[in-house]
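Subject: Handover of a structure

Dear colleague,

I am passing the structure below to you. Please look through it before reading the notes that come after it.

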Amino acid sequence: MEEMKKRRHHYEAIGDHDAAVSFHTSIWGFRDSAMLPLYPYAVEETVRRNRFTFREQFCRFLFVVLLPEGELIYRSGKETFRLTPGKVLLIPPGSDYSFSPGGEGGYHKLVLELKGVLLDSVCSVFGLRGIRLFDYAQSEELISKIRGMGADIDAKDRERIPKLLGESYALLARLAAPAREKGAEKMSRTLASAQMLLGSDFDRELNISELPARLGVGRTTLDRLFRDKIGISPQRYRNACRIEYARELLTRSDLSIKEIADKTGYCNQFYFSQEFRRQTGYSPRAFRRELEKTGAVFLCRSFDGNTE
């Protein structure tokens, strides 16, 4: 975390940026957005015929990138991703990447930029660590959905905020499944079993130190699996899942803070509030109060991506 805080955002464009045939950006313009959990900060659509290269260090958003036409070559470290129509590219916050056109150089690109105080935690829960490229059969439907979100942003109608929040979470949850399947080519059954155990039964005590023995692996092996594939330790993964469940209960239920602490497995309300504040920056009461004030209380979320 300290290393991430020291890194600085930087980007550069090589080529004539203004030579795009068509360029439109819908940017979130609502005030009082600092407490929103997850929302579409921008929708950008570009048609370009000239050669153009773009580099960004420590990106600040989660990017959902699609190509209605053309080919783009994305690079991050030693990895190369060839984005073409029918595929989706997910770039999580904190990533370093670059892209340039493939083929003849022309392309038509659509990008959804997601932001929010819970973005990093949501990415952890969904296992979205590292850039992911995967085939997506419903890409045309997804393109239409993202364009619709852009139109709602352009409308500047505050009554559409709950709809946009719900669509953001549902879209990300929907994309997380194929993204995980793509990453699961290297993920072992041991890791999947561990995630299932750590992400459930929060009201029951789970001794993390006994988990490797239950799974038939060494502690070092289990720690490496989590850090390599998810980017956090098993204990932090369980804590993130517990806090995510607590956020759901704060959003969709009238349970008291003490009752939510009990349901999420914390020994007392004070310790729960401390941990919630540490992970989100806000106390449970302040979080619920801000949700009610912004209207985001209408966003009811579930891990299968449905909104109720």
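This is a predicted model: local features need pLDDT of at least 70, side-chain atom pairs count only at pLDDT 80 or more; totals for chains, interfaces and linings use all residues.

Backbone angles

Most residues other than glycine have a negative phi. F58, which is not a glycine, has a positive phi of about 55°. F58 sits in the loop that runs between strand 4 (53–57) and strand 5 (62–70). Its relative accessibility is 16%, so F58 counts as buried, the cut-off being under 20%. D201 also has a positive phi, near 50°, and is a residue other than glycine. D201 belongs to the loop between helix 5 (189–198) and helix 6 (211–215). With a relative accessibility of 45%, D201 counts as partly exposed.

A residue in strand 9

S98 is part of strand 9, which covers residues 97–101. S98 has a relative accessible area of 16% and is therefore buried. When its neighbours within four places in sequence are left aside, S98 is in contact with F54, R55, I73, Y74 and R75.

Salt bridges

The count of salt bridges comes to 14. Three of these pairs are described here.

The side chains of E69 and R49 form a salt bridge, with 3.6 Å from N to O. This pair links distant parts of the chain, as E69 is in strand 5 and R49 is in the loop between strand 3 (39–48) and strand 4, 20 residues apart. E69 is partly exposed, at a relative accessible area of 38%, and R49 is partly exposed at 45% relative accessibility.

A salt bridge also joins the side chains of D135 and K87, at 2.6 Å from N to O. Here too distant parts of the chain are linked: D135 lies in strand 11 (residues 132–135) and K87 in strand 8 (residues 87–91), 48 residues apart. D135 has 56% relative accessibility and so counts as exposed, whereas K87 is partly exposed, with a relative accessible area of 21%.

D262 counts as partly exposed at 41% relative accessibility, and K258 is partly exposed with a relative accessible area of 48%. Finally, salt bridges that share partners join K145, D152, D157, R160, K163 and E167 into one network.

Yours sincerely

Key. Residues are numbered from 1 along each chain as its sequence is written. Side-chain values use heavy atoms; hydrogens and water are left out. Helices (H or I, at least four residues) and strands (E, at least two) are DSSP runs, numbered from the N terminus. Buried means under 20% relative accessible area, exposed over 50%, partly exposed in between (1.4 Å probe, protein chains only). Contact means heavy atoms within 4.5 Å. A salt bridge is a side-chain nitrogen of Lys or Arg within 4 Å of a carboxyl oxygen of Asp or Glu.
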